[in-house]
Amino acid sequence: MENKTLDIRGMTCAACAQRIEKTVKKLPGISQASVNLASEKLFVEYDSSLDLSDIKAAVSRIGYEAAEKTEYSDVTIPIGGMTCAACARRVEKAIGKLEGVESSSVNFATEKATVAYDPRKVRLSAIKAAIEKAGYQALEVNKADAADEDRLRKQKEIKTLWTKFITSAVFSLPLLYIAMAPMISFIRLPFLSAIEPMNYPLAYALTELVLTAPVIGVGYKFYTIGFKALFQRSPNMDSLIAIGTTAAVLYSIYNTFQIAAGHFMAVDALYFESAGVIITLILLGKSLEAVSKGRTSEAIKKLMGLAPKTAVILENGQEKEIPIDEVEIGDVILVKPGDKIPVDGTVTGGHTSIDESMLTGESMPVDKKEGDPVYAASLNTTGVIQFKAEKIGSDTALAQIIKLVEDAQGSKAPIAQMADIVSGYFVPVVCVIALLAGIGWYFGTAGDLKFALTIFISVLVIACPCALGLATPTAIMVGTGKGAENGILIKGGEALETAHKINTIVFDKTGTITEGKPKVTDVLPAGSILKDRLLQLTASAERGSEHPLGQAIVLGAKESGLTLLEAEQFDSLTGRGIKARLEGEDILAGNRKLMDEQNISLAGMEEISDRLAEEGKTPMYVAINGELAGIVAVADVVKESSRAAIERLHKMGIEVAMITGDNKKTAAAIAKQVGIDRVLAEVLPQDKSNEVKKLQSENRKVAMVGDGINDAPALAQADIGIAIGSGTDVAMESADIVLMRSDLMDVPAAIDLSKHTIRNIKQNLFWAFGYNVIGIPIAAGMLHLLFNGPLLNPMFAAAAMSLSSVSVLTNALRLKRFKPDTGKR
Amino acid sequence: MLENKKVITAIAAGVLVVAAIIFLAVESAGGTLDVVGKRSVQSFDVILNAIPDQVSKEDGGKAFALTAPDGSVRFIWTGETAESSRFDVKLQADADPFIQAGLDTGKLPKDYDISDNVITVGVKLNSGSFTGAEESALSAYEGLVKNDRSLINYHTDMDHFGVKLGGGNMFEWAKDLEINVTTKQAQDKDIVFVLSPEPLIAAGVDPQKVEGWLYAPVPVMENGKKVQVNKFLKPFNIK
């Protein structure tokens with residue numbers, strides 16, 4: 001299965017997005033397709049029977065443009081050594097042959113090559129090498145990155161929309177004035193007598209026509225897109241505007257000729273100003289939408305802008321500054337104080353403190369020395385370090401986070417899917433309502449065409465579902481972006497929607513509630529064996545173990561200055577302990593279960609073991625040659641934030657459980673310390689997911705919080721899997737929410753963010769739908785029919801629609817003010 | 001470049017369409033933007049031809065008069081402006097019915113003329129309205145339309161053209177003698193002499209007692225709003 005993201009151009013509303021989704025889903029080989037109106041992207045999963053060009057062609061056939069979302073970079077390379085146009089052609093050909101080069105154009109006059117290329121497929125150094133191979137010099141480059149290109153494109157779009165709106169307003173304001181001024185009886189407004197409607201009706205009508213024409217001109221897209229969609233039997237928002245305003249203009253032109261023919265009272269049946277003002281107000285709404293959309297995606301842009309553009313590598317002991325695209329794996333990179341880390345890697349020399357807050361939200365700088373990992377976009381504060389590049393380009397943690405957030409913003413929450421389905425049917429239904437209302441009133445008023453037309457236009461305009469398509473994606477964009485700013489990575493709209501329903505959270509103990517760095521607290525020999533010997537043997541046996549408890553014992557022995565022995569044999573007994581052979585002796589180290597299985601008596605040490613457990617320590621029984629040799633107790637400190645986080649979850653009405661392989665007493669002691677409601681102790685790793693299932697069978701919505709590596713089945717089983725304190729591939733794969741820091745307070749923060757986002761979505765849907773639901777019956781004349789109440793002027797309908805879009809976007813942007821309650825942040 | 005060409009082509013096409021509509025509309029209006037003025041001349045001509053016996057020359061041929069079929073009131077319009085004349089366009093009505101109804105002629109406003117038992121109301125035209133004497137009643141009216149267009153109006157509800165004579169006094173005639181296109185009823189008021197009642201009532205007239213004149217509300221547009229205004233009316237159905 002292939003996953004691709006395509007940029008879609010030409011969408012104007014949810015109906016467009018719905019239509020594209022439906023069309024793509026019909027293609028054979030498509031497994032999933034989802035369109036995000038706010039970010040203008042199509043996310044598609046398909047098998048090898050289908051080519052991407054088929055998908056693009058299908059989208060193009062219904063009137064939209066699909067462009068492959070690539071991380072194309074544009075670069076301008078000055079070329080030396082060209083002597084004529086033929087040289088330019090040669091260089092162009094040499095560059096164009098490279099796989100990954102989208103386009104290349106060499107200008108002999110300016111001596112520059114402009115190249116668009118996919119940096120994942122071809123490196124800048126390879127392009128330069130091709131130029132050199134062709135016999136020319138590739139000089140210092142000038143590069144624009146995709147984020148800047150995207151920003152410029154969006155800015156141009158916003159500027160175009162504002163220009164259209166202002167142009168439209170310049171003509172529609174006087175149009176509105178000359179239409180309204182003669183009708184205002186309480187004040188005599190200045191009016192040009194030469195176009196006074198009662199005395200000069202033809203001049204009046206033609207003046208209105210001349211003022212309307214430019215407004216129609218700047219709003220041409222409503223007609224080209226709207227009518228095209230209508231003729232393809234998939235009317236969208238533009239279709240409603242196009243039909244409504246076209247009806248108004250054509251009817252007004254007809255009445256203009258009626259006036260010319262001597263039917264002067266036709267001057268009362270002119271609707272030029274309705275058409276003009278509708279277009280102007282909708283353009284205003286679109287302009288504000290474009291500005292707001294740009295702001296909703298600020299989080300992604302911020303993340304994209306974090307990475308530095310150059311890196312200083314050490315080549316033969318010399319410092320060399322190169323564009324970041326030219327960094328290769330294995331390069332040794334020098335980072336000075338104040339510089340940003342360019343790519344992911346491991347420190348090979350020096351030591352410093354690095355501010356990783358832009359990635360994790362953690363404000364305290366992290367000390368780094370040889371062997372420690374560093375991440376792209378983090379900020380080197382104090383020292384000078386060298387590090388070896390290990391992950392570059394799209395493999396860095398930053399790139400993965402960006403991708404994760406982008407994918408999350410593109411994914412659909414179930415509530416959004418519902419909104420899309422509704423909007424898909426909404427427009428055709430509205431057209432029918434408008435037609436029925438118009439026809440009904442025409443006959444109901446004994447042929448008053450003017451009245452019927454007003455009703456018809458008003459229903460079309462007030463029913464525009466412009467805001468509906470924005471209601472959910474804007475909130476998700478802002479919400480996931482806000483989460484990313486605070487180190488909370490939510491992987492999808494569905495995760496967001498489910499998270500707010502959680503009523504039970506299961507925490508893994510070690511490394512989640514506790515620091516995950518257990519230490520040896522007690523070494524208690526059972527018989528004549530010496531303390532140090534007991535520790536030495538246990539630690540030597542545990543050397544092969546990856547379990548944190550085993551590693552704590554190894555560390556404890558090293559810290560005590562003990563030499564570790566080589567094990568002749570080692571076996572890990574999952575959920576119970578380890579078995580090893582050292583210096584001819586059989587060593588068993590593990591929990592009570594292991595001792596019971598091996599029939600090793602714990603007499604004399606049971607009380608001690610219970611006491612240790614009640615103190616929250618984990619007693620590891622050690623047996624040598626089938627006899628109990630003693631107990632090594634290990635304790636893992638509870639995280640500072642654990643208690644506070646669990647208290648916060650309780651305040652949110654969430655029950656908290658803890659799951660651990662540790663013994664019941666130890667688990668109970670830890671649970672008491674932090675306020676856990678339910679303890680699931682002595683659970684084998686393979687049984688964790690069953691425990692989660694049991695909780696779910698009690699009709700609960702369960703979230704599981706773990707470190708993602710050995711908790712993967714439980715994370716997958718849970719309604720929401722939350723990986724904490726890790727940005728690794730495994731964690732990102734298995735969890736629905738990834739918390740970049742090890743702070744447990746991020747768990748209630750994530751739930752809180754989810755609740756706020758879902759609430760925001762519901763509010764947006766209210767604003768989007770509310771205007772339509774209330775407005776359609778009024779526009780259709782229901783109040784007038786039942787209570788002789790007011791009708792809805794088409795211009796007021798247009799104003800209401802623009803207000804609806806602005807309301808939704810403004811409300812979505814309120815989410816930016818969300819501050820997670822993280823205690824000490 | 002191609003984008004600019006498309007934009008220019010689109011704008012040019014738009015301008016052509018609008019220009020075509022304007023051209024066709026003006027042509028169908030008879031080559032003029034002042035469709036009310038033009039149609040008023042046409043319909044006035046119809047009136048003049050419908051009652052030629054009621055049309056006469058006045059003032060030594062310098063003016064023309066249209067007399068009501070009962071002879072009680074006349075509409076007079078000049079074909080040649082003169083400094084000496086008080087009114088160039090006027091309504092002359094028999095004062096007797098008003099005197100019988102209580103009119104004290106001494107209390108009439110200064111812009112009302114009363115002599116020989118005739119009440120005259122009217123307006124002076126712009127100086128230089130006519131360059132020479134108009135030979136026909138129609139051409140004199142045409143001159144009026146051309147040079148003092150503000151005196152001409154269209155009364156939508158009645159489907160009438162009218163000449164404003166100051167102070168709410170008017171002479172109106174039907175756009176079409178057959179049908180009132182506003183009400184879609186037969187036109188039964190082909191010509192109407194209209195007098196403003198307020199100055200007459202202020203001078204002592206009891207409006208209900210004026211013989212031969214109808215005292216009734218008439219819908220008029222005032223500042224964009226339709227209001228009912230009482231008038232003294234003398235309508236005639238000439239066809």
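Start by selecting the open sheet of 7 strands in chain A, whose order is 19-31-30-29-20-27-28 with mixed pairing. Strands are DSSP runs of E of at least two residues, helices runs of H or I of at least four, both numbered from the N terminus; two strands pair if DSSP finds at least two bridges between them. At the edges stand strand 19 (488-490) and strand 28 (678-680) of chain A, each with a single partner strand, so one side of each lacks a neighbour in the sheet. On average, neighbouring strands here are turned by 20° against each other, direction ignored.

This is a predicted model, in which local features need pLDDT of at least 70 and side-chain atom pairs count only at pLDDT 80 or more, while totals for chains, interfaces and linings use all residues. Residues are numbered from 1 along each chain as its sequence is written, chains are lettered from A and ligands numbered from 1 in the order written, and side-chain values use heavy atoms, without hydrogens and water.

Next, select strand 27 (residues 655-659) of chain A, which pairs with strand 28 of chain A in the parallel sense over 3 bridges. A:I659 is opposite A:L680 in strand 28 of chain A.

Then move to helix 7 (residues 220-231) of chain A: its 12 residues reach 17 Å from first C-alpha to last, close to the 16 Å expected at 1.5 Å a residue (1.5 Å times one less than the number of residues).

Finally, colour by pLDDT, the predictor's confidence in each residue from 0 to 100. Chain A averages 84, and 91% of the residues score at least 70.

Note on methods
Axes are lines fitted to C-alpha atoms, for helices over the stretch in contact, and angles run from 0 to 180 degrees between N-to-C directions.
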